[in-house]
Amino acid sequence: MRTCLILSFTLWLACCGCNPYHPADRETAEQPSLSPHPAEVTFPCNIAPPNFTIQTPGERYQTEIGIEGQPAAFHLSTATPTVQIPPKKWRTLLGQAAGKALYFRISIQQGHQWVRYADIHCRVSTHPIDPFLTYRLLYPGYELWNEMGIYQRDLTSYQEEAIVENRHFGHQCVNCHSFNQHRPDEMMLHVRGAQGGTLIAHNGKVEKVNPKAPGFNYGPTYPAWHPSGRYLFFATNEIQQFFHASGSKPIEVSDLGADLMAYDVDQHIAYTDSLVYGDDWLETFPACAPNGTDLYFCRAKGYRKGMALDSIRYDLCRIRFDAQTQRFSDLQCVVPASKQQKSVSFPRVSPDGRYVLYVLSDYGNFSIWHPESDLYLLDTTTGQSRCLTEVNSNDVDSYPTWSSSGRWIVFSSKRMDGLWARPYIASFDPETGKAGHPFVLPQKEPDFYDQCTYTFNRPELILSAVTTGKTLEQAVARPAIPSTRPERTLQDEQ
């Protein structure tokens, strides 16, 4: 009986990673191969443990984690290359390491020797990241959209839960979730299908509306909140999908028509202006600055029958919006990308209004299908843009978003395999305009992304969890509240 207890206790120690520490027999200047690799990244001081797999072969593995210049805070010894960091120990270490550098020290038993590899260095920021990340999960292709949902992930742990899942309302498409200033109580999303409409949570209630007023050419698509919460800006688009038989871009999504509008959430009134409405131009992807006056968006010359898709290129523009009069004015082009044979999509304004993140690709506006897509940064104080080389990869980098503090950015990237988009997080310094090296959203199982067959779409950071998910799903069955136009008609505006 005693022998069985000792054996059981020994197995328990092995499973818990509490085996005795093994000093190195020799050292190497090489770093071990890890996946995901945490080298040179900056972690928020409230992020979940960045578990990883040691890909350098061996019989046993030992991981020490600690603050630079100090003994290891803890070590893990395992018979497998999977390293799962104890959450409590990690949280304690983050609290001690804020503003300091960390090391990951890997030793591997190879034959009869323990080989210590060169330390992997990273930093811990004093700035926390917003604790929840929302995203849409769906298969990586528009032919398989009947199974999807909007989910929220607690970044301080690995807990994920659904906000809405389309299996609860007839497998209709759900997309374009958006939040006002990272607030979970002010959000919207679209439902496409037999019960189509726009769901808006605002002022403590959830409504299903149809923002398309009589006389408007197209229905609403891409949203952006006015900081007051009174208005939602929408691009209204006629979107067409094209499927290519060959080439590196099998799917192309293009606008055949696109305009902008402002929607009064309380009064259900839709406003527009000839400056952003009509056939001469395609306007899309609105992004409102925190001052509530500057509205950024992408604009290209209007589509004409027979136009080559790779000839459509969007510039980054800005227009003023007066929330009191609902008038648009002072249209300017701030990044004339088309002059360099490039195209802008997905602009996002920093919380202080100084920077605009955007995506640059060769043509079109649906950059998630363009491997050359990269993130760029506009400094509105100087008017200068630069490629955000510190975060970009050789594959798709798209869908950027800011944290509420402006100290973190999250974006979607297909850098792992070119097919599935995953959320990557990078630190950002508002003083210098420099970003840190990005790291993929940590998961409990280090090989999670090798097994997951869903793509992460439109990542958005929020300050706390959404609690209105059931109410949003129940609202799908309601009739949509219609919208009206103001007394001035579209014809008056034009």
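Predicted model: local features only at pLDDT ≥ 70, side-chain atom pairs only at ≥ 80, totals over all residues.
Tyr-376 is partly exposed, with a relative accessible area of 21%. Buried means under 20%, so Tyr-376 at 21% goes in the partly exposed class.

**View A. Tyr-222 and Phe-285 make a tilted ring pair.** The count of aromatic pairs in the model comes to 20. In the pair shown here, the ring centres of Tyr-222 and Phe-285 sit 4.4 Å apart with their planes at 45°, so it goes down as tilted. Tyr-222 belongs to strand β18 (residues 220–225) and Phe-285 to strand β22 (residues 281–288), so the pair ties together parts that are 63 residues apart in sequence.

**View B. Tyr-358 and Tyr-376 are stacked, with ring centres 5.9 Å apart.** Their planes are at 25°, and the cut-off for stacking is under 30 degrees, so the pair counts as stacked. Tyr-358 sits in strand β27 (residues 355–361) and Tyr-376 in strand β28 (residues 374–379), so this pair links parts 18 residues apart in sequence.

**View C. Asp-264 is buried, with a relative accessible area of 0%.** This residue is part of strand β20, which covers residues 251–264. What does its side chain reach? Another goes to the backbone nitrogen of Gln-267, 2.9 Å from a polar atom of the Asp-264 side chain. Leaving aside residues up to four places away in sequence, Asp-264 touches Arg-230, Tyr-231, Ile-269 and Tyr-271.

**View D. Five aromatic residues form one cluster.** The members to pick out are Phe-43, Phe-52, Trp-90, Phe-104 and Phe-439.

**View E. Two arginines lie over tyrosine faces.** How far is Arg-105 from the ring centre of Tyr-103? The separation is 4.2 Å, with Arg-105 over the face of the ring. Arg-415 lies over the face of Tyr-424, and here the distance to the ring centre is 4.7 Å.

Technical notes: Residues numbered from 1 in each chain as written. Heavy atoms only, no water. Helix = DSSP H or I, 4+ residues; strand = E, 2+ residues; numbered from the N terminus. Buried < 20%, exposed > 50% of the residue type's maximum accessible area, 1.4 Å probe, protein only. Polar contact = N/O pair within 3.5 Å; in protein donor to acceptor, adjacent residues only side chain to side chain. Contact = heavy atoms within 4.5 Å. Phe/Tyr/Trp six-rings, centres within 6.5 Å; stacked < 30°, edge-to-face > 60°. Lys NZ or Arg CZ within 6 Å of the ring centre and 35° of its normal.
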